[in-house]
Each structure stands twice: as structure tokens, then as C-alpha cells.
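Here is a short report on one protein chain. Please keep the sequence and the 3D view open while reading.

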Amino acid sequence: MSKMKTILIPALAAAVFATAVPASASAQSYHRAPHAAQSVALNGIVDRKIALEHRIDRAMARRHLNVRDGRDMKRELASIERQIRLDMRGGLQRNERAQLERRLSQVERRLDRELRTSPRRR
């Protein structure tokens with residue numbers, strides 16, 4: 001009988017453990033963690049910055065934007081990128097994200113204004 005106990009008890013313990021682990025994993029929420037929302041917001045800002053940089057490059061290549069204005073806008077985007085790197089260190093706060101969004105919007109509005117008034121664009 002003792003031989004049966006030495007085999008049966010570890011087998012039962014393994015069976016209980018095998019069923020408990022998946023049950024606890026399925027009880028977890030699949031919603032994003034709070035820090036995941038920050039990284040999603042930061043990815044959106046970075047994607048927007050990259051897209052804006054490509055628009056500036058295209059406008060300069062097509063000569064719809066003069067070199068000086070394009071260089072100024074790219075310098076501002078580089079400054080925004082530095083700020084993004086700094087904000088990534090400590091996590092992105094709501095006011096920091098809003099400031100980055102405002103700065104990107106300013107560059108975007110300036111680019112749109114320059115493209116509307118460009119003599120080559122007409």
C-alpha cells in the first residue's frame with residue numbers, strides 16, 4: 001500500500017498543478033496594461049513624425065518647398081524626436097503627449113501653409 005501512495009500522491013499533485021495553471025492564466029484579463037496605452041500613444045506620435053518627415057522630403061524633392069523652410073521644419077522634427085526620447089525614459093504623461101501632439105500639429109500646419117502658397121504648386 002505504501003508503494004501505491006508514493007506513486008499516486010505525486011501523480012495527483014501533478015494533475016492538480018496541470019489543471020490549476022491554465023485556469024489561472026485564463027482568469028487574467030486580456031485588456032491592455034496601463035503602460036501599454038502609453039507605448040501605443042508614443043508609437044502614434046513617432047509614426048506621425050515619420051510621415052510628416054516623408055511629406056517634407058517629398059515636397060522638397062518636387063521643389064514645392066524651398067530648402068530653407070524644409071530644413072527649418074526638419075530641425076523642428078529633430079527637436080521633437082529628442083523630446084520623445086527624453087519622455088520615453090520616464091514614461092509618457094498626458095501633458096507631455098499633448099505637447100508633442102501640438103508641436104507636430106504646428107509643423108504640419110506650417111507645411112500645409114507653405115504648400116498652399118508655393119508658386120510651383122499652382
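The report goes from the overall fold to the core, then to individual residues.

## Basis of the model

This is a predicted model: local features need pLDDT of at least 70, side-chain atom pairs count only at pLDDT 80 or more, and totals for chains, interfaces and linings use all residues. Residues are numbered from 1 along each chain as its sequence is written, and side-chain values use heavy atoms, with hydrogens and water left out.

## Overall fold

The chain has four helices and zero strands. Read from the N terminus, the order is α-α-α-α. Helices here are DSSP runs of H or I with at least four residues, strands are E runs of at least two, and both are numbered from the N terminus.

Of the 122 residues, 20% count as buried. Buried means under 20% relative accessible area, exposed means over 50%, and partly exposed lies in between (1.4 Å probe, protein chains only). The chain exposes about 9,300 Å², and carbon and sulfur atoms supply 55% of that area. Accessible areas come from the Shrake-Rupley method with a 1.4 Å probe; for residues, only the protein chains shown count as cover.

Take the contacts in the chain with a separation of 6 or more: residues 24 or more positions apart account for 70% of them. Contact means heavy atoms within 4.5 Å.

## Nonpolar core

The largest nonpolar core holds 16 residues; Ile56, Leu77, Ile80, Val107 and Leu111 touch the most other members. H2, H3 and helix H4 (94-117) are the elements that give two or more residues to this core. A nonpolar core is a set of buried Ala, Val, Leu, Ile, Met, Phe, Trp, Tyr and Cys residues joined through side-chain atoms within 4.5 Å.

Val107 touches Leu52, Ile56, Met73, Glu76, Leu77 and Ile80, leaving aside residues up to four places away in sequence.

## Helix H4

H4 has 24 residues and reaches 35 Å from its first C-alpha to its last, close to the 34 Å expected. The expected span is 1.5 Å times one less than the number of residues. Leu100, Arg103, Leu104, Val107, Leu111 and Leu115 are buried in H4.

Lys49 lies in helix H2 (residues 34-61). Lys49 counts as buried because its relative accessibility is 5%. Not counting residues up to four places away in sequence, Lys49 touches Leu77, Glu81 and Leu104.

Arg63 lies in the loop between H2 and helix H3 (67-90). Its relative accessible area is 58%, so Arg63 is exposed. Arg63 is not a glycine, yet has a positive phi of about 60 degrees.
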